[in-house]
Amino acid sequence: MKILVAGSGAMGSCFGHVLHKGGNEVTLCDKWEENLEAVRSRGLIITDVDKREESPLKMYHPSEVTGDFDLVLLFAKSMYLEDMIQDIKHLVKENTKVLCLLNGLGHLETLRKYFADKNILMGVTVCTAKLLGPGDFLLSSHSNTEIKNIDPNEREACEAVIKAFNDSTMPATYSEDIAYSIWRKACLNGMTNSVCALLDINMRMQGQMDESKEIIRQIISEFAAAAALEGVHFNVDEFTEWGFTFLTPAFAGVDHYPSMWQDLVANKRATEIDYLNGYVARKLKAAGQWAPYCELITRFVHGKEKALGIPYTFVK
Ligand SMILES: NC(=O)C1=CN([C@@H]2O[C@H](COP(=O)(O)OP(=O)(O)OC[C@H]3O[C@@H](n4cnc5c(N)ncnc54)[C@H](OP(=O)(O)O)[C@@H]3O)[C@@H](O)[C@H]2O)C=CC1
Ligand SMILES: CC(C)(CO)C(=O)C(=O)O
């Protein structure tokens, strides 16, 4: 399969590398200058769990990419998704599928502004990856990715993408209800990413805090109220229990910090808060309801971004 990875930070580069090892023809593109420069001058380095590997993949600026692709894998941060789509949309032809695996909510609406449903695949992944430096990334796990076609007639094409992932040792499954899967993953990110970033703790430490279960339950209740407005229904207790399994050493090891901690605390970069807790707070507010936990968390995260002098866009 010919694959373009649009957004080749931690996740994009790691997925691209593993899909290349699985026999796919992969092109990476990104707009971060230091990243491009590091890959140009020294090559891409991927630590695939515990094996440090030099990847033969090249990385280009989106403006340099030409050709036909079967699949465009979107892996920009949520706030730069639209910008990335603007840069690569001309590369999406009649039969190209665009797969969005970003964390966060509201991305399908963004994709629909540019692409027909038949071109869109939506998904979520619990794989984790980390930026070690420009052009140097760690894939911490080959965990599951769920994918579904938006146009019901495109299941076969979606299954072909799932097969390409599985053939490349990236486990992937077909999601019968991708809206549910996306909300469940957003709940996980909404309960742990922002809390760990604000308290400067890792996921295992969050799991051990006495107060965690109640805080998490409240956050997930607000996500459930917002999801219901979109016709997605889930059980708050079930999601709280499921979320808690990620706060155990079995998933989080001894020191796993979620991506928002990596952005805000380690790398002092803007966060995806407006697409997680911020999305829920906005959604409920528009419906005349209130999400006190999500609202406060969003304001705290933006407050910290501001205090650190990080440029960000506050989605209203
Ligand atoms: N990391 C993880 O474990 C997981 C991440 N995800 C999701 O995947 C998506 C991509 O995340 P991830 O790959 O972690 O993000 P990264 O920050 O590693 O990469 C995303 C983009 O950010 C820009 N960028 C990265 N570092 C810098 C820097 N220091 N200075 C300037 N720009 C930089 C680059 O592109 P550009 O300059 O073009 O913006 C890069 O392509 C997100 O939606 C995330 O939530 C999902 C599951 C797990
Ligand atoms: C670690 C995990 C799976 C949960 O927060 C994640 O998606 C992230 O770090 O963004």
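I started with ligand 1: its shell takes at least three residues from each of domain 1 (2–176) and domain 2 (179–308). Those domain bounds come from an automatic or database domain assignment.

Before going on, I noted that this is a predicted model, where local features need pLDDT of at least 70, side-chain atom pairs count only at pLDDT 80 or more, and totals for chains, interfaces and linings use all residues. Residues are numbered from 1 along each chain as its sequence is written, while chains are lettered from A and ligands numbered from 1 in the order in which they are written.

Which residues come nearest to ligand 1? Of the 25 around it, I found Gly9, Met11, Lys31, Trp32 and Asn103. A residue counts as near if its C-beta atom, placed from the backbone, lies within 6 Å. Helix 1 (10–21) and strand 9 (129–133) each give two or more residues to this shell. Helix 1 has the largest share, 3 residues. Helices (H or I, at least four residues) and strands (E, at least two) are DSSP runs, numbered from the N terminus.

Next, the strands. Strand 9 and strand 10 run antiparallel, with 4 bridges; strands pair if DSSP finds at least two bridges between them. Lysine 130 has leucine 138 in strand 10 as its bridge partner. The hairpin of these strands has 2 residues between them, and its glycine 135 takes a positive phi near 70 degrees. Strand 3 (residues 44–48) runs parallel to strand 10 (residues 136–139), joined by 4 bridges. There, isoleucine 45 stands opposite aspartate 136.

Last, I checked valine 5. Beyond its neighbours within four places in sequence, its contacts (C-beta atoms, placed from the backbone, within 7 Å) include Phe15, Val26 and Leu73.

Conventions. Contact = placed C-beta atoms within 7 Å.
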